[in-house]
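Student: I have a new structure open and would like to go through it. Can you take my questions as they come?

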Amino acid sequence: MKNIFQKTALALTIATMSAGAFAAVLDHTAGATEVVLANEVFGTGSEETLVAVPSTTFEVAATPGAILAGQVYTVKLTLNKGAVFGEDLSSLDKWEDAGVVLSFETTTGVIQVGGVGAGNTALNADVTSITVDQGGAIGDNTVTFKITAAANHQFDEAVVSQFRVKRLTSALARGVANPTVSLGAEFRNVTTAATDTAPALIVFRSQDGVELTTTQVTDYDDGVVGLRARIDVADVEKSFTGNLLSNTGTGAAQDFDETNNVSFVNLGNIFVNRTSVDAAWGGGLAKKENGDDFDFNGSDEIFVTINSTQVLDAYSTVYLRPGAASVCDATVTGADFDVNPATGATGAEIDLSGETTAELEAGYRVCAIASGDIVVPESTFSAALNVEYFNPRYTNSEDTLNYGPVLRNGCQITLFNLPNVNAADDAFLRITNVSEKPGAVRVSVWPETGGATTIDTNTVVVENLAAHATAVLHTAADQTTGVFLGSKLPAYGAVTSGRHRIVIQGAFPACEGMGLVRTPSGVLTNMTSTTYSGDESRLGQQNNGTSNTTN
């Protein structure tokens with residue numbers, strides 16, 4: 001029975017201590033916040049980079065903080081996620097000599113330790129001594145301060161800041177989930193075994209320091225932005241519809257008059273910006289390791305690549321014009337940053353090295369000029385940033401920005417159930433130019449198995465389909481008339497199974513299509529209703545309402 005009472009008393013003691021275990025408060029000192037670092041500072045060799053801890057206050061609750069004369073108590077600080085002390089603070093003299101803040105507050109006032117000079121700590125009358133009891137050396141992740149009481153008093157709080165730590169890379173480098181480092185604090189009355197602690201406090205956080213942004217990406221919807229021209233089939237797809245409100249955006253799809261055509265297209269604007277820190281984390285900009293705002297050095301190498309999903313052979317120049325509100329035109333000036341795309345290239349790398357932080361953040365207009373002698377393909381554009389920093393411990397800044405498609409203003413129809421060329425049945429596809437302008441016919445095929453892109457993309461199958469003329473595309477190798485798709489489309493011709501989807505584009509204002517399949521016995525079946533594509537105003541007029549679907 002005696003043992004039962006002893007165990008019960010011990011359990012009550014533990015429960016009482018545990019109930020007060022999280023009564024303390026650990027927070028940033030008034031006016032201080034966690035430090036949000038640009039993750040670019042954590043490159044090769046950055047394990048030795050030193051970063052100062054922001055000001056942190058550890059307040060101990062009244063009951064555990066009540067100290068009697070002669071009692072000994074400790075305050076322990078702990079860093080997590082591999083962070084360690086980057087300078088030797090393993091004795092009180094070293095804290096006194098370092099350019100740091102360290103103080104302890106008792107009933108009779110604040111005891112200032114950090115930065116006072118070795119041997120100059122003035123103890124309060126209620127404290128006999130303060131020592132570093134454990135840790136604090138380079139490579140340690142903890143430090144424990146031991147305080148001996150000269151008289152009864154209340155221990156209120158400890159304040160610490162500006163001691164420098166290292167080995168932050170594994171916790172804060174780019175790509176790390178939850179990139180934070182925290183500081184924990186624990187109070188312990190060594191004499192009575194009473195403790196007080198609080199949840200660890202985030203002292204460091206990281207995020208990308210640089211990003212590509214835009215305030216305007218041109219498009220084909222005037223309700224959003226508009227202002228993007230289309231590749232004009234009226235000029236055999238070698239120029240753009242224009243740069244006026246009437247022939248860009250929504251109007252570009254209806255403009256088949258080459259009178260106001262231009263050789264350039266406006267994709268929008270671009271900024272190379274430093275990232276903003278969330279207000280909940282202190283606001284401002286991401287920081288460098290020394291606490292300054294992250295920025296660019298004159299020796300940093302800064303590149304923006306304008307990428308296309310199709311080769312850029314049809315473009316003579318791609319350029320960035322300083323000033324986000326500037327406009328594109330067909331003449332490159334000495335102030336522009338331009339490049340002539342290499343033959344067969346899908347990207348044009350533009351060198352912005354030497355531009356100041358202010359110039360990069362003022363932005364640029366993104367423009368491309370067609371050569372005028374090659375058909376301009378439909379394609380989707382994007383921008384990619386790569387900054388190679390002069391500081392060898394920094395890792396590159398990288399980001400991307402999507403500018404969407406540059407489209408033609410012709411017609412497009414989709415037909416289904418296209419057999420492979422070895423199938424027993426054959427497809428016969430009729431496409432009719434229902435406009436007054438002639439033009440080429442191109443096709444792309446989506447295989448039955450799917451995929452990220454089409455095969456035989458934008459392949460010309462009819463060089464020039466006259467106004468109101470009809471072409472027949474088929475899969476019958478023994479058919480002597482029409483266009484045999486097996487010879488025109490090598491990737492599709494190599495497919496030996498499946499039923500596919502074909503996308504047909506006409507380089508003219510409007511078209512209609514119909515898909516037919518001929519069985520081995522010679523029966524011809526209409527597999528697709530007549531499909532119309534083009535200016536809706538043409539329906540019911542020259543097309544006589546024959547279309548029963550549009551796309």
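This is a predicted model: local features need pLDDT of at least 70, side-chain atom pairs count only at pLDDT 80 or more; totals for chains, interfaces and linings use all residues.

Student: Which ring does Y364 pair with, and how are the two planes set?

Tutor: Y364 pairs with F337; the ring centres are 6.0 Å apart and the planes stand at 90°, so the pair is edge-to-face. The two residues come from distant parts of the chain, F337 from strand β22 (residues 337-339) and Y364 from strand β24, 27 residues apart.

Student: And F337, buried or exposed?

Tutor: F337 has 18% relative accessibility and counts as buried. The cut-off for buried is under 20%.

Student: How many aromatic pairs are there in total?

Tutor: The count comes to 16 aromatic pairs. Another of them is Y389 with Y394: centres 5.7 Å apart and planes at 75°, so that pair is edge-to-face. Y389 and Y394 are both buried.

Student: Which aromatic residues form a cluster?

Tutor: One aromatic cluster is made of Y73, F85, W95, F104, F145, F155, F163 and F187.

Student: Let me pick W95 from that list. What is it in contact with, apart from its neighbours in sequence?

Tutor: Leaving aside neighbours within four places in sequence, W95 is in contact with F85, L89, V100, L102, V113, G114, G115, V132, V143, F145, V160 and F163.

Student: Where does W95 stand in the largest nonpolar core?

Tutor: That core has 98 residues, and W95 and F204 touch the most other members. Strand β24 (residues 364-370) gives the most to this core, with six residues. A second, separate core has 24 residues, among them L429, V483, L489 and Y492.

Student: Why would such residues end up together?

Tutor: As a general point, nonpolar side chains in soluble globular proteins tend to be buried together.

Student: Changing topic: which arginines lie over a ring face?

Tutor: R205 lies over the face of W281, at 4.0 Å from the ring centre. R230 lies over the face of Y220, at 4.4 Å from the ring centre.

Student: Now cysteines. How many disulfides does the count give?

Tutor: The count comes to two disulfides. With bonded cysteines counted along the chain, they follow the pattern 1-2, 3-4. C328 is joined to C367, with an S to S distance of 2.0 Å, and C411 is joined to C511, with an S to S distance of 2.2 Å.

Student: What handedness does the link of C328 and C367 have?

Tutor: The link of C328 and C367 is left-handed, with -85° about the S-S bond. C328 is in the loop between β21 (315-322) and β22, while C367 is in strand β24, 39 residues apart. C328 is buried, with a relative accessible area of 8%, and C367 counts as buried at 0% relative accessibility.

Student: And what about the link of C411 and C511, left-handed or right-handed?

Tutor: The link of C411 and C511 is right-handed, with 125° about the S-S bond. C411 and C511 are both buried.

Student: You mentioned β21. Which strands is it joined to by bridges?

Tutor: β21 runs antiparallel to β24, with seven bridges between them. β21 also runs antiparallel to β22, with three bridges. V318 stands opposite A368 in β24, and in β22 the bridge partner of V318 is V339. β21 is mostly covered, with six of its eight residues buried.

Student: One more strand, β13. How many of its residues are buried?

Tutor: Five of the five residues of strand β13 (residues 157-161) are buried, so β13 is largely enclosed by the rest of the structure. E157, V159 and S161 point one way from β13, A158 and V160 the other way.

Student: What does β13 pair with?

Tutor: β13 pairs with strand β4 (residues 56-59) in the antiparallel sense over four bridges; there, E59 stands opposite E157. Five bridges join β13 to strand β8 (residues 101-106), and the two run antiparallel. In that pairing, S103 stands opposite V159.

Conventions:
Residues are numbered from 1 along each chain as its sequence is written. Side-chain values use heavy atoms; hydrogens and water are left out. A nonpolar core is a set of buried Ala, Val, Leu, Ile, Met, Phe, Trp, Tyr and Cys residues joined through side-chain atoms within 4.5 Å. Buried means under 20% relative accessible area, exposed over 50%, partly exposed in between (1.4 Å probe, protein chains only). Contact means heavy atoms within 4.5 Å. Rings of Phe, Tyr and Trp (its six-membered ring) pair if their centres lie within 6.5 Å; planes under 30 degrees apart count as stacked, over 60 as edge-to-face and the rest as tilted. A charge sits over a ring if NZ of Lys or CZ of Arg is within 6 Å of the ring centre and within 35 degrees of the ring normal. A disulfide is a pair of cysteine sulfur atoms within 2.5 Å. Two strands pair if DSSP finds at least two bridges between them.
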